[in-house]
Amino acid sequence: MRKLHSMAEVDPTKCIGDRICERVCPTGAIRVVEKKAVVDGKKCASCFKCMDYCEEEAISVVPRAEPVILRVDPSGVDPDELQALCGKAHLRPEDVICPCTLTRADEVAAAILMGARSPEDLSVMTGVRTACGMWCMSLILELLRAHGIDTTPPKGASWYDVDAALWNLSDAVVRKYPEFRLEEARRRLEEGLEVPAPGPEN
Ligand code: SF4
Ligand code: SF4
């Protein structure tokens, strides 16, 4: 879930149409049309990555007339289907998969069951990937794949396919880094127990 009070706006007199903003936008909200960037306010998730990367300083923050909330209510889908999708992705519905927005697996799974087909769709619907965009990505792709969706990034996508999850690590990697207690974490995961964050102190 993410609450938005503002959005990006482009000053066309400064924009040179180099498309840098397009490449960093997590939702596909900003597009260059006839050599000028244009923001779709319905898709803008107010992350302001576009503003950070625009070397021409053509992008600014403007307030929204009304706040917008990006959220999907998991109670709107079949609970069995929701549970099954999370389980197939090795997740529990209550697992927080986006620490920046505190979005849980059940919200993302519900968005997929309601029709989201890409990371961009999920960002527009739930707000995931609109802050750091790092920790959530692997699990978002896992949920999409679990629903049978091809996660090959389309040309020009602002993300790449990753498959770095606890259950996918090779035994050689697990053995190589005993200080991260990955073997124990995998066993706990298989037993349905809480998995502590990897690291020597835990
Ligand atoms: S990064 Fe800035 S200058 Fe480049 S297309 Fe986007 S708004 Fe225009
Ligand atoms: S979602 Fe972020 S990167 Fe995309 S247009 Fe809005 S503020 Fe810019």
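In this predicted model, the shell of residues around ligand 2 divides into 12 nonpolar, 2 polar and 1 charged. That shell holds 15 residues, and those that come nearest to ligand 2 are A8, C25, C44, C47 and C50. Ligand 1 has a shell of 14 residues, with C15, I20, C21, A37 and C54 nearest to the ligand.

The protein contains 8 helices and 6 strands. Read from the N terminus, these elements follow the order β-α-β-β-α-β-α-β-β-α-α-α-α-α. The C-alpha trace spans about 60 × 40 × 30 Å along its principal axes. Of the 202 residues, 31% count as buried. For contacts between residues at least 6 apart in sequence, 59% join residues at least 24 apart.

The domain assignment gives domain 1 (2-70) and domain 2 (74-164). Their centres, taken over C-alpha atoms, are separated by 23 Å. Domain 1 puts 11 residues into the contact, and domain 2 puts in 12 residues. On the side of domain 1 that touches domain 2, the residues divide into 6 nonpolar, 2 polar and 3 charged.

The largest nonpolar core is made of 42 residues, and V108, A109, A111, I112, I140 and L143 have the most contacts inside it. At least two residues of this core come from each of β1 (2-10), β4 (59-70), α3 (79-88), β5 (96-98), α4 (105-113), α5 (119-126) and α6 (137-146). The core lies between domain 1 (2-70) and domain 2 (74-164), because both give residues to it.

Helix α6 deserves a separate look. Since 7 of its 10 residues are buried, α6 is largely enclosed by the rest of the structure. The buried residues are M137, L139, I140, L141, E142, L143 and L144, and they pack against α3, β5, α4 and α5. One of these, L143, is in contact with L85, A89, V108, A109 and I112, leaving aside its neighbours within four places in sequence. Just after α6, G148 adopts a positive phi of about 85°.

Strand β2 (residues 30-33) runs antiparallel to strand β3 (residues 36-39), and 4 bridges join the two. Opposite R31 stands V38 in β3. The hairpin has 2 residues between the strands, and E34 takes a positive phi near 50°. K35 is also found in the loop between β2 and β3. This lysine counts as exposed, because K35 has 11 C-beta neighbours inside 10 Å.

Most residues other than glycine have a negative phi. S46, however, has a positive phi near 55° without being a glycine. S46 sits in the loop between β3 and α2 (49-53), and its 20 C-beta neighbours inside 10 Å are why S46 counts as buried. E57 is another residue that is not a glycine and has a positive phi, here about 50°. The place of E57 is the loop between α2 and β4. With 9 C-beta neighbours inside 10 Å, E57 counts as exposed. Thus S46 is a buried residue, whereas E57 is an exposed one.

L193 is placed in the segment after α8 (182-190). L193 is exposed, as 10 other C-beta atoms lie within 10 Å. In sequence, L193 and L4 are 189 residues apart, and their C-alpha atoms are 35 Å apart in space.

Technical notes: Residues numbered from 1 in each chain as written. Chains lettered and ligands numbered in written order. Predicted model: local features only at pLDDT ≥ 70, side-chain atom pairs only at ≥ 80, totals over all residues. Near = placed C-beta within 6 Å. Nonpolar A, V, L, I, M, F, W, Y, C, P; charged D, E, K, R; others polar. Core = buried A, V, L, I, M, F, W, Y, C linked by C-beta atoms within 7 Å. Buried ≥ 20, exposed ≤ 12 C-beta atoms within 10 Å, placed from the backbone. Domains from an automatic or database assignment. Contact = placed C-beta atoms within 7 Å. Pairing = 2+ DSSP bridges.
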